[in-house]
Amino acid sequence: MTSEVYRMRVIAGEFKGRPLKSVPTHKTRPTTDKVKEAVFHGIGPFFEGGKALDLFAGSGGLGIEALSRGVESCVFVDQQQKAIQTIYENIKTLDINERTEVFKTDAMRAIKAAGKRGLTFDYIFLDPPYKKFSYQDLMEALLEFDLVGEEATIVCEHDASEEIPEEVGRLKRMKTDHYGSNIGVSIFE
C-alpha cells in the first residue's frame, strides 16, 4: 500500500493553478481547496497589500494563497523541520523569497519575537493541530504583543466540535462555517 500525497495548488490570483508541495508527514493536515476557497471568499477574495502571518504554517498554503491574491508579505511559522523545508521549497518554486520570512519555532515564541520587532499583521491564519491549542490563548497573546493590525482579520481553522469564543479582547467572531463533519472555520475582526 502506498501513502497518497494530497495534491495542493494555489486556487486564485497571481499563482493560480501552480502546484504546492505538501508536508510529507502525518503530523500536518493540509487545508483542502474547498475550505481554502471558502476562507478567501469570506475575507477577500483579493487584497491590495497588507501583511500576513501564517502561524502553524505546515506547507505554507494559506499564506501563499494570500500572497497570490495580493497580500504584500507573509511571515510563516512552524516548529516541524519537514514543514519548514516544504515552505522553503514552495517559496522557491514560486520565486517569492523577497516577500516572505520563515521561522522554525513554536507559536508563542514567534508571537513574542514578532512583538519585540514591532510587527503588526492585517491577516493572521491560525491552523494549529486540532484540539491542541486554545484559540483564546493564541489571540490574547497576539493582542498582548500588539501583532493585530487596526482592521485585522484572523482566520481560525479548527475541529468542528471545538468551542470557539465569541470575542477575545477587541476581536469579535464575525462568523463560523463548517465543512464536512470535522472542519470549522471561524473569522474574527
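Predicted model: local features only at pLDDT ≥ 70, side-chain atom pairs only at ≥ 80, totals over all residues.
Visitor: Why is Glu 151 called exposed?
Guide: Its relative accessible area is 76%. Exposed means over 50%.

Visitor: Where is Glu 151 placed?
Guide: Glu 151 is in strand E7, residues 148–159. Glu 151 also belongs to a negative surface patch, together with Asp 122, Glu 150 and Glu 189.

Visitor: What makes that patch negative?
Guide: Asp and Glu count as negative. The patch is formed by Asp 122, Glu 150, Glu 151 and Glu 189, so the label follows from the residue types.

Visitor: Why is Phe 56 called buried?
Guide: Phe 56 has a relative accessibility of 14%. Buried means under 20%, so Phe 56 qualifies. Phe 56 lies in the loop between E3 and H2. Its phi is near 60 degrees, a positive value in a residue other than glycine.

Visitor: Is Asp 146 buried or exposed?
Guide: Exposed: Asp 146 has 55% relative accessibility, and the limit is over 50%. Asp 146 sits in the loop between helix H5 (135–144) and E7. Phi of Asp 146 is positive too, near 55 degrees.

Visitor: What makes Lys 21 and Glu 89 a salt bridge?
Guide: Their side chains meet at 3.0 Å, N to O. The rule asks for a nitrogen of Lys or Arg within 4 Å of a carboxyl oxygen of Asp or Glu, so the pair counts. Lys 21 is in the loop between strand E2 (19–20) and helix H1 (33–43), and Glu 89 is in helix H3 (residues 81–94), so the pair ties together parts that are 68 residues apart in sequence.

Visitor: Why is Lys 21 called partly exposed?
Guide: Lys 21 has 47% relative accessibility. Under 20% is buried and over 50% is exposed. The value for Lys 21 falls in between, so it is partly exposed. Glu 89, at 29%, also counts as partly exposed.

Visitor: How do you know that Lys 51 and Glu 72 form a salt bridge?
Guide: The closest N and O atoms are 3.7 Å apart. The limit is within 4 Å, so this pair passes. Lys 51 is in strand E3 and Glu 72 in the loop between helix H2 (61–68) and E4, 21 residues apart.

Visitor: What makes Lys 172 and Glu 167 a salt bridge?
Guide: Their N to O distance is 3.9 Å. That is within 4 Å, so the pair is counted.

Visitor: How many salt bridges does the rule give?
Guide: The count comes to 12. Glu 37, Glu 65 and Arg 69 are linked in a network of salt bridges.

Visitor: What makes strand E3 mostly covered?
Guide: In E3 (residues 51–55), 4 of its 5 residues are buried.

Visitor: How do you know that E3 and E4 pair?
Guide: Pairing needs at least two bridges. E3 and strand E4 (residues 73–78) are joined by 5, so they pair. These two strands run parallel. In E4, Val 75 is the bridge partner of Leu 53.

Visitor: In which order do the strands form the open sheet?
Guide: The order of the 8 strands is E5-E4-E3-E6-E7-E10-E9-E8, with mixed pairing.

Visitor: What makes E5 and E8 edge strands?
Guide: Strand E5 (100–104) and strand E8 (167–168) each pair on one side only.

Conventions: Residues numbered from 1 in each chain as written. Heavy atoms only, no water. Patch = residues over 30% accessible without salt bridge, like charges linked within 9 Å, V, L, I, M, F, W, Y side chains within 5 Å. Areas by Shrake-Rupley, 256 points an atom, 1.4 Å probe, with all protein chains shown as cover. Charge placed at Lys NZ, Arg CZ, Asp CG, Glu CD. Buried < 20%, exposed > 50% of the residue type's maximum accessible area, 1.4 Å probe, protein only.
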